[in-house]
Amino acid sequence: MLFSSVPFLFYFLPAVMLCYFVAPKKLKNAVLLVFSLLFYAWGEPRYVFLMAFSIVMGYVFGLLIEKYRGKKTAKLLLAASVVISIGLLGYFKYADFFIGNFNAATGLSLPLLKIALPIGISFYTFQILSYTIDVYRGSAKARRNIVDFGAYVALFPQLIAGPIVRYTDIDAELTERTHSFEKAAFGIERFVVGLGKKVLISNAFGELCSIFRASGEKSVLFYWVYAVAFTLQIYFDFSGYSDMAIGLGRIFGFHFPENFDYPYISRSITEFWRRWHMSLGSWFRDYVYIPLGGNRVSKPRWFFNIFAVWMLTGFWHGADWQFIAWGLMYAVLLIIEKLFFKKALERLPAVIGHIYVMFFVITGFVLFNAEGIGGAVSDICAMFGAGNLPLVTAETLYYLRSYAVIFAVGIIGATPLLKIISDRIRSGKGERFFGLLRPVLLCGVLLLVTAYLVDGSFNPFLYFRF
């Protein structure tokens with residue numbers, strides 16, 4: 001079930017809110033768990049059993065690891081927990097990738113398993129891993145109530161697209177959280193803003209990307225139009241879902257971590273990854289990079305640590321070589337920056353840094369969205385004139401004019417300009433006027449989104465594939 005769908009907006013969400021706020025305090029987590037499992041079972045009923053198994057597995061391992069903490073048994077239990085969690089993720093997400101590559105290397109023809117990918121498995125696997133690791137480290141106490149733990153793992157607002165919520169982020173709120181009109185109002189506003197970003201902006205760019213793929217009159221300019229459109233689509237798609245998750249969490253009394261901080265205004269690749277998918281970056285930093293030794297090791301080992309983390313980051317996003325190549329591209333860029341360019345980038349005019357970052361980010365997303373490595377090479381080469389493509393065609397100019405307004409909206413919306421303006425209005429004499437206008441604008445966005453959804457407009461979600 002998509003957040004940006006009529007069943008969720010007008011049936012599921014009102015039902016869960018009604019039951020949640022009517023339920024007594026002791027049953028609120030149970031209500032969230034039941035509705036989260038229903039939410040998960042909506043599209044894939046059989047995989048709700050996998051979710052239930054993962055919850056029980058994480059819960060039992062947490063109790064056992066805490067019981068034997070400080071002993072060798074705890075380390076063995078942690079290893080077993082990690083192997084089972086990664087094993088399940090590997091089987092469902094990567095089995096066919098490994099079989100296909102084994103066949104290519106050996107000339108054999110082992111049949112592919114063709115397993116459907118359980119929605120959200122990449123996210124909830126990392127949440128269970130962070131829980132058992134934190135219990136082992138002593139930075140978190142094992143949760144005694146399995147309903148509370150199940151609500152943490154299956155919590156529907158962040159289940160399918162994150163942000164990756166660590167147990168320590170909401171440990172206290174699982175037991176004791178407050179609700180207020182102000183929190184609910186903030187949550188609703190954040191949700192509607194994210195919904196608008198997803199349906200009104202991201203989907204429009206998604207339509208253009210589909211038109212480009214189906215076009216028989218491609219040009220060099222059309223490839224760049226597509227590259228920029230997809231770069232904006234994935235940002236508004238993913239950050240919109242993160243906004244919706246954070247907003248829903250606040251309605252139910254949870255404070256989820258921020259996941260995006262205007263990454264396209266960055267002046268270096270290092271800064272970009274501090275602003276893009278922040279919950280994933282901090283997860284790999286704390287549970288992979290630092291345990292490997294971080295940068296407090298010899299230079300060769302430091303190189304290895306960076307390449308290992310970024311290979312895993314790319315592989316986490318998808319079971320194909322272009323995702324690994326995408327991750328390794330960032331590993332190379334980050335090493336070059338840290339060794340040679342960091343001080344130079346700080347001295348250069350900001351616009352030079354922005355151009356440098358966006359060039360590699362846009363090119364990287366073309367690689368990210370390609371049909372395999374071969375498709376990525378073809379697409380990137382075409383962006384630079386390979387294949388005897390014309391520089392521009394009439395079709396390219398037509399779609400560029402048709403989508404000019406949405407490009408302007410997307411580019412401005414990807415910067416903090418609108419936030420700066422709204423903050424100044426709130427802090428000045430226009431605060432009262434803005435306070436009256438805001439509900440009207442939110443209702444307008446919700447009505448417009450509903451019209452699009454009822455009309456059956458283009459409404460994909462990119463991160464379902466991850």
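**Ground rules.** I'm working with a predicted model, where local features need pLDDT of at least 70, side-chain atom pairs count only at pLDDT 80 or more, and totals for chains, interfaces and linings use all residues. Residues are numbered from 1 along each chain as its sequence is written, and side-chain values use heavy atoms, leaving out hydrogens and water.

**H4 and H12.** I looked up helix H4 (residues 72-106) against helix H12 (residues 299-317): they pack at about 105 degrees with axes 10 Å apart. Helices here are DSSP runs (H or I, at least four residues), numbered from the N terminus. Axes are lines fitted to C-alpha atoms over the stretch in contact, with angles from 0 to 180 degrees between N-to-C directions. H4 and H12 are therefore roughly perpendicular (65 to 115 degrees). For the contact (heavy atoms within 4.5 Å), I find Lys 93, Tyr 94, Phe 97 and Phe 98 on H4, and Phe 315, Trp 316 and His 317 on H12.

**H9 and H15.** Next I took helix H9 (residues 220-251) and helix H15 (residues 372-383), whose axes come within 8 Å and cross at roughly 120 degrees. H9 brings Val 220, Tyr 223, Trp 224 and Ala 227 to the contact, and H15 brings Asp 379, Ala 382 and Met 383.

**Nonpolar patch.** Which residues make the nonpolar surface patch of about 510 Å²? I get Phe 307, Val 332, Ile 336, Leu 339, Phe 340 and Phe 341. Helix H13 (residues 321-347) gives the largest share, 5 residues; Leu 339 sits in H13.

**Positive phi.** I noted Tyr 262, not a glycine, at a positive phi of about 45 degrees; I found it in the loop between H9 and helix H10 (269-275). His 277 also has a positive phi, near 45 degrees, and lies in the loop between H10 and helix H11 (278-289).

How values were computed
Helix = DSSP H or I, 4+ residues; strand = E, 2+ residues; numbered from the N terminus. Parallel < 35°, antiparallel > 145°, perpendicular 65-115°, else oblique. Patch = residues over 30% accessible without salt bridge, like charges linked within 9 Å, V, L, I, M, F, W, Y side chains within 5 Å. Areas by Shrake-Rupley, 256 points an atom, 1.4 Å probe, with all protein chains shown as cover. Salt bridge = Lys/Arg side-chain N within 4 Å of Asp/Glu carboxyl O.
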